[in-house]
Amino acid sequence: MASLTRISKIASQKSFILKQASGASLYRFFASAASGSPSSYKVVVIGGGAGGLSVASTLSEKLGSGEVAVVEPSPVHNQQPLWTFVGAGIKSMAETQRPTSELIPQGSVWIKEAAAEIDPDQNSVKLANGQKINYDYLVVAAGIKLDFEAVKGLSSAIGKNGVASNYSADYVEKTWEYLQNFKGGNAVFTMPSTPIKCAGAPQKIAYLAEEYLREKGLRDKSNIVYNTGLGKIFAIDKYAEALTKVAESRGVKVNLFHDLVEVKPEERKAIFKITGSTPAGPVGETVEIPYDFLHVTPPMKAHEFLKNSKLSNGVGFVDVDQSTLRHTKYKNVYSLGDCSSLPTSKTAAAVAAQSGVVKDNLLANINGVETPTSTYNGYTSCPLITGKNKLILAEFSGYTGKPLETFAFDQSKENPFSYWLTSSVIPNIYWNSFLSGSWRGPGPFRRFLNPGDSN
């Protein structure tokens, strides 16, 4: 009887191996059979966002089934760049979401857990459930964390009584709800001084809200205020000048060096700290602004499991070479997107360009090439929506500040083509090409349309 039981167990293990691990190494076969689930992979990708899925798609195709694992706890994948349209009532939330299960690349293993610890010396990742998985190579694409707690009173105010944020799946639909309920008064929009993803989004919703209030005949009853903790309306001068003109022409009051530090929901007041030279007061003092509608862009920070790891640059972002995207110390670790230390804007367009570099260099690394040859030039893009059918298409290098525009026209001008591209074409590219690994940004188109541009 005991012999039959052992034979049954062996047969069961063989069936599991053959079914689950086609194309993987024998070591991984037996590790899987022994533990009941795979515990070691050629590549582990932390994060099932755009960057993680793009990299995992290509690597799974190149390396074979069972060699790539994607660590991602969320059952839903969000196309976050579209949330500006959701907050303005132009698109539905459903258009921005798909089940993660439909997007995990064929041949990849989806680990439905959050990463809790990384030990790069042992080539291991500890999951939130306590399980440990090992890797030969690691790609960190974990994104960035919204920090509502960093603003006093915000976590209890958000999602209630006119306080909303396009940055959260929980509150983006509240933006549109509260705009529809707004009958006049102060509509205040904030931008923090911390690094954030999609740095243009805080003011995009201000322009769309202003347009909506004009359409509803409420503009003369409304004050539109955009408060940023930074010293410029946008980092790149060419587009900052254009946006300043848009704000002035639309009557949007822009206050620089105004960083949101507190929300008093009972009094409907927002408290801002002065962070630089401004007529509003000396540095360090606070100003109080009443609001009837408040759109908050929360401060953002690195995830704790990254901040506490040896991969961190000290403030929590993965310390990578800004050209090759390989870790400065651990040569089998790469990172891209919002969680990386790259000194450029954190946008989906930047991630697309970065994903190609990571894939090139990682695959070369796996094939024995020690020195990465593919390089990232800091390219990013920020489609700055200024109204329905109006958009300034900012494309630039975050390293040099130089515009890197794809098209022949001046992209700092509001343009209906740029709006159509952003609202209709790019979403399709995102779902059908970016996540599947075939979209690496518009670089080839830019070089074709601008032969003199070597970037």
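Modeller: Before we start, a term: two strands pair if DSSP finds at least two bridges between them. The model is predicted.

Colleague: In S17, which residue is the bridge partner of Ala 187?
Modeller: Strand S11 covers residues 185–191 and strand S17 covers residues 293–295. The two run parallel and are joined by three bridges. In one of these strands, S17, the partner of Ala 187 is Phe 293.

Colleague: Which strands stand at the edges of the open sheet of five strands?
Modeller: The order in this sheet is S10-S17-S11-S12-S13, and the pairing is parallel. A strand with a single partner has one side left without a neighbour in the sheet, so the edges are S10 (163–164) and S13 (252–255).

Colleague: Which residue in the turn between S14 and S15 has a positive phi?
Modeller: S14 (residues 258–264) and S15 (residues 269–274) are antiparallel, with six bridges, and Val 263 is opposite Ala 270. The two strands form a hairpin with four residues between them. The phi of about 55° belongs to Arg 268.

Colleague: What stands opposite Lys 269 in S16?
Modeller: S15 also runs antiparallel to S16 (residues 286–290), through five bridges. Opposite Lys 269 is Pro 290.

Colleague: How many charged residues are in the lining of the second largest pocket?
Modeller: This pocket has a volume of about 480 Å³. Its lining has 28 residues, and among those closest to the centre are Ala 199 and Lys 346. S12 and S21 each supply at least two lining residues. By class, 14 are nonpolar and 12 polar, and the charged ones number two.

Definitions and conventions
Residues numbered from 1 in each chain as written. Predicted model: local features only at pLDDT ≥ 70, side-chain atom pairs only at ≥ 80, totals over all residues. Heavy atoms only, no water. 1 Å grid on protein atoms, 1.4 Å probe; cavity = no way out; pocket = protein on both sides within 12 Å on 5 of 7 lines; lining within 4 Å. Points joined across faces, edges and corners; volume = space filled by probe spheres on them. Nonpolar A, V, L, I, M, F, W, Y, C, P; charged D, E, K, R; others polar.
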